[in-house]
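Please go through the briefing below with the sequence and model at hand. It covers symmetry, salt bridges and surface charge.

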Number of protein chains: 2
Amino acid sequence: MTTQRIKHILKSGNPGDTVTIKGWVRTKRDSKAFSFLDINDGSSMTGLQVIADAKIDGYSDAMKRITTGASVVVEGTLAESPGKGQRVELQASGLEVVGESDAETYPLQKKRHSFEFLRELGHLRSRTNTLGAVFRVRNACANAIHEFFQSRDFLWIHTPILTASDCEGAGEMFTVTSMNLDKLPKGDDGKVDYGRDFFGKPTYLTVSGQLEAEIMAMAFANVYTFGPTFRAENSNTSRHLAEFWMMEPEMAFCDLEGNMDLAEEFLKFVFKRVLEDCSDDMEFFNKRIEKTVLETADNIINNEFERITYTDAITLLEKCDKKFEYPVSWGLDMQSEHERYLAEEYFKKPVIVTDYPTEIKAFYMRLNDGGKTVAAMDVLAPRIGEIIGGSQREERLNVLEERIAAAGLPKEDYWWYLDLRRYGTVPHAGFGLGFERLVQFMTGMANIRDVIPFPRTPDNVEF
Amino acid sequence: MTTQRIKHILKSGNPGDTVTIKGWVRTKRDSKAFSFLDINDGSSMTGLQVIADAKIDGYSDAMKRITTGASVVVEGTLAESPGKGQRVELQASGLEVVGESDAETYPLQKKRHSFEFLRELGHLRSRTNTLGAVFRVRNACANAIHEFFQSRDFLWIHTPILTASDCEGAGEMFTVTSMNLDKLPKGDDGKVDYGRDFFGKPTYLTVSGQLEAEIMAMAFANVYTFGPTFRAENSNTSRHLAEFWMMEPEMAFCDLEGNMDLAEEFLKFVFKRVLEDCSDDMEFFNKRIEKTVLETADNIINNEFERITYTDAITLLEKCDKKFEYPVSWGLDMQSEHERYLAEEYFKKPVIVTDYPTEIKAFYMRLNDGGKTVAAMDVLAPRIGEIIGGSQREERLNVLEERIAAAGLPKEDYWWYLDLRRYGTVPHAGFGLGFERLVQFMTGMANIRDVIPFPRTPDNVEF
């Protein structure tokens with residue numbers, strides 16, 4: 001009789017099976033001759049209902065000590081559940097209280113708490129239904145990412161967190177130092193002497209692993225990164241984190257078409273897998289958090305994504321009847337309202353917009369013939385807008401050198417990036433996906449701070 | 001006729017199959033009527049041998065342009081290979097040079113290069129046999145970690161990189177700031193005013209996700225972290241990195257015994273899986289890098305790990321004939337030479353040493369009866385010494401409070417860690433494994449800088 005996780009008992013336990021469970025008490029209801037306990041061990045949304053007869057050993061002492069949040073070990077026999085929604089319940093033959101939970105001070109009482117309140121309780125909030133479901137879905141989603149890429153022979157590569165370069169020249173970066181800020185060594189010019197810092201030069205937290213992923217794609221053909229990235233942007237919104245996880249595949253011998261195919265296949269796969277692995281959690285989100293969660297998943301899985309050029313998308317937006325807050329005009333970046341209109345209202349399914357104006361995109365994106373546009377792509381999804389951004393990369397040495405110069409970037413910083421175009425260059429492409437945005441999209445959670453265990457935002461670095 | 005990866009062709013391609021491959025030229029041998037090309041696409045150690053007949057279209061132009069490192073697309077038909085070591089070779093019907101590789105300047109010529117030299121070429125070294133094998137093994141190993149834990153219902157959790165606490169009060173940490181170091185805001189006391197920094201207080205890069213993993217284990221029972229961690233230690237050795245990946249499982253309702261069982265099962269699983277997934281690469285390491293690689297793997301997989309208390313291990317070391325450089329005495333930490341003696345010479349297999357003196361271990365480890373020792377464990381392996389360190393955690397509120405006080409740590413910093421003991425505390429345990437140490441151990445690579453794509457060490461933050 002080994003310990004079993006509750007999700008397996010709920011799924012495949014049979015009346016008559018003897019089991020031991022270990023978990024935490026969510027609710028307790030006493031009656032004269034017995035008590036009902038709802039026990040949760042984090043393996044599933046639904047707990048296991050335990051019936052403890054007053055005749056079992058130490059019953060009255062245990063019942064005095066059990067309150068919401070207490071940890072227990074229960075042995076017993078499964079029986080058919082008369083209640084609806086559950087196949088089985090556990091008739092306890094033994095009940096041990098492992099750790100009490102002070103009922104006077106335990107902050108997670110039966111009533112509903114706001115997500116804002118729960119954020120102050122980062123060490124306890126995972127014990128609630130919603131956050132529990134979020135982190136199970138987050139795990140399933142992360143796991144699906146690995147499954148997708150590994151089964152296609154992509155290598156997971158770990159690109160560096162500490163970097164001396166800033167990838168796109170975009171994004172505000174955090175500085176990393178081993179120097180004592182109160183005693184910074186200064187040079188003769190009065191400036192900080194980085195020669196005496198750990199790395200001998202100014203060092204930052206990465207904003208993207210793409211450039212290093214390109215290095216690895218030139219050796220292994222297909223690779224992906226999946227790790228933390230950072231932005232020092234002072235944005236106190238429901239969509240921004242200072243620390244978040246990003247996933248970036250990079251494929252050698254691949255053009256924009258192949259990139260779009262992969263992105264579409266990827267999103268379908270991940271949604272499908274999460275629906276299979278976390279069906280209860282996903283139903284919970286659909287019922288309690290956002291009523292279009294399952295509809296959106298279905299939309300992603302079952303529709304061929306629309307593919308349209310930026311130029312055609314702009315024409316379409318200019319001609320439509322919708323009044324937008326921001327102007328629409330060729331050369332301007334699309335705003336969230338435009339992206340959502342395309343995906344939600346016009347096409348009513350995911351849309352991949354391609355070939356954006358050169359001016360508004362990064363230097364490494366491949367220049368299309370004529371030079372006005374680059375081989376970029378954004379995947380827009382109903383309800384959330386941009387979920388994936390990617391491009392075919394510029395693989396031609398001379399063109400890339402011109403783009404770096406035009407962007408005003410120092411060529412010497414890109415010596416190794418240029419070397420990749422000198423030695424066996426190939427057409428290659430990839431994309432980036434903000435992992436928390438994906439989990440938000442999947443679960444319908446309104447605030448990105450509620451889909452990462454310990455969110456880092458301006459003035460928040462607790463836990 | 002879709003593109004195939006070379007590893008699949010080598011494994012299951014049949015004479016007569018038509019295939020297209022895309023990869024890079026490792027070597028070229030010309031004869032009068034045809035050329036032999038060794039093409040590698042990063043999917044395996046062994047490349048595919050291509051025979052290009054002089055009669056194919058554009059042959060002479062292609063041959064002029066092809067040098068080591070050039071990228072090519074080859075179409076053709078598989079044929080039985082007359083050479084040994086390969087089942088099939090590719091008779092080209094079409095050959096396209098995608099990107100040339102300047103033979104005058106390409107740094108990876110046929111001759112062997114030192115690993116030190118290759119480190120200067122972080123953007124190209126993955127194209128060599130050894131580094132290619134390392135990163136395939138690294139991927140397989142990372143993948144095996146996920147497979148092991150996911151199949152046992154552990155959730156992968158992402159603990160924060162940015163933190164205001166320092167976990168154990170041990171380890172030198174990097175400071176992270178969004179402030180301009182040349183213009184640091186100062187308070188009236190002349191000290192840096194962190195109130196004006198991004199997080200409003202001094203912030204660091206994490207040295208361990210354990211404490212946060214404990215939070216999650218108290219909600220989901222079984223969890224693991226797998227992500228980057230940092231040390232600002234100025235150690236220029238072959239065993240230290242400033243940035244490295246760490247894997248830390250944490251299990252609720254688990255004692256030291258269960259922790260040892262998991263660690264043993266884990267190592268056996270990972271070695272077995274990597275041997276299956278990367279047999280060619282592992283044979284290469286055994287032949288070219290370290291002749292005990294396969295023997296060590298076999299030793300791990302097929303031996304029951306020895307389990308011995310620290311006290312007994314010290315007695316054993318004191319009584320043995322071996323002369324050690326460092327003293328052996330109860331209360332002193334074991335040195336690498338002692339650990340290796342136990343695993344390599346005495347037991348000749350992995351050893352788990354348990355119950356270390358309280359004085360030399362961290363405050364969160366569970367105090368054994370009597371108080372002289374704590375429920376810690378180190379897994380020692382032949383050739384490498386300590387590979388895993390872990391413990392049962394102190395789950396008793398009053399004992400933990402005393403330990404925090406005794407360690408001179410500020411209790412208020414641990415309010416949430418103590419809360420975990422107030423509300424439904426349970427016996428729990430976990431361990432930590434340095435991922436690069438594991439890959440080093442597995443491959444026999446002498447320098448840890450050669451098992452991570454872009455090593456960060458003092459004065460090294462290139463790429």
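In which helix of chain A does A:Glu116 lie? A:Glu116 is part of helix α3 (residues 115-119) of chain A; helices are DSSP runs of H or I with at least four residues, and strands are runs of E with at least two. The model is predicted: local features need pLDDT of at least 70, and side-chain atom pairs count only at pLDDT 80 or more. Residues are numbered from 1 along each chain as its sequence is written.

**Symmetry**
- Chain A superposes on chain B by a rotation of 180° with 0.0 Å of shift along the axis (RMSD 0.0 Å), fitted by least squares on C-alpha atoms of residues with pLDDT of at least 70 in both.
- The two copies are thus related as by a two-fold rotation axis.
- A:Val176 has the C-alpha nearest the axis in chain A, 2.4 Å from it.

**Salt bridges**
- Over all chains there are 52 salt bridges (a side-chain nitrogen of Lys or Arg within 4 Å of a carboxyl oxygen of Asp or Glu).
- A:Arg5 and A:Asp41 pair at 3.3 Å, N to O, and both are buried (under 20% relative accessible area; exposed is over 50%, partly exposed in between; 1.4 Å probe, protein chains only).
- B:Arg273 pairs with B:Glu276, with the closest N and O atoms 2.4 Å apart.
- B:Arg273 and B:Glu276 are three residues apart in helix α6 (residues 256-277) of chain B, so about one helical turn separates them.

**Surface**
- A:Glu116 counts as exposed because its relative accessibility is 58%.

Methods: Chains lettered and ligands numbered in written order. Heavy atoms only, no water.
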